[in-house]
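Please have the sequence and the structure side by side before reading on.

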Amino acid sequence: MFTTFTIIASIIMFKDWNSQGGTEITTELCGFITILAGTFLLHKTKDMGKSSSGRLPVYTSPEPNTVSESR
């Protein structure tokens, strides 16, 4: 919300897009969408990897088959 309101305020106060061409406006909109997508992904993935007990799972390799060699 902060980024959205900041961009809207700069448009209103400074008439920023009056002197810009289509390429510059498109680039700014793509940057804004990138920021929104990154914020969304960070929010959605912040709890990934946490189990209900609050500890991270421990992964171990399986025990190798120990075969005794007879000579």
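A patch, as the word is used here, is made of residues with over 30% relative accessible area and no salt bridge, and nonpolar side chains are joined into one when they lie within 5 Å. Keep in mind that this is a predicted model. With that in hand, let's start with the whole chain and then move along it.

**Overall picture**
- The protein contains two helices and zero strands.
- Of its 71 residues, 1% are buried, where buried means under 20% relative accessible area.

**Helix α1**
- Helix α1 covers residues 2–14.
- Its 13 residues reach 18 Å from the first C-alpha to the last, close to the 18 Å expected at 1.5 Å a residue.
- K15 follows α1, and the phi of K15 is positive, near 50°.

**The nonpolar patch**
- Which residues make the nonpolar surface patch? They are M1, F5, I8, I12, M13 and F14, and the patch has an area of about 760 Å².
- F14 belongs to helix α1, and F14 counts as exposed because its relative accessibility is 62%, with the cut-off for exposed at over 50%.
- As background, an α-helix has 3.6 residues a turn, so residues three or four places apart point the same way.

- T3 sits in helix α1 and counts as partly exposed, because its relative accessibility is 32%.
- Although T3 and L36 are 33 residues apart in sequence, their C-alpha atoms are 8.8 Å apart in space.
- I7 is another residue of helix α1, and I7 is partly exposed, with a relative accessible area of 29%.
- I7 and E28 are separated by 21 residues in sequence and by 9.8 Å in space, C-alpha to C-alpha.

**The annotated segment**
- Where does the "transmembrane region" annotation fall? According to the unreviewed UniProt entry, it covers residues 25–42.
- In the model, residues 25–42 are 100% helix and 0% strand.
- The end C-alpha atoms of this segment, residues 25–42, are 26 Å apart.

Notes
Residues are numbered from 1 along each chain as its sequence is written. This is a predicted model: local features need pLDDT of at least 70, side-chain atom pairs count only at pLDDT 80 or more; totals for chains, interfaces and linings use all residues. Side-chain values use heavy atoms; hydrogens and water are left out. Helices (H or I, at least four residues) and strands (E, at least two) are DSSP runs, numbered from the N terminus. Buried means under 20% relative accessible area, exposed over 50%, partly exposed in between (1.4 Å probe, protein chains only). The expected span of a helix is 1.5 Å times one less than its number of residues. Patches are made of residues with over 30% relative accessible area and no salt bridge: like charges are joined within 9 Å, nonpolar side chains (Val, Leu, Ile, Met, Phe, Trp, Tyr) within 5 Å. Accessible areas come from the Shrake-Rupley method with a 1.4 Å probe; for residues, only the protein chains shown count as cover. A salt bridge is a side-chain nitrogen of Lys or Arg within 4 Å of a carboxyl oxygen of Asp or Glu. UniProt positions are given in the numbering used here, feature names are shortened, and annotations may be inferred rather than shown by experiment.
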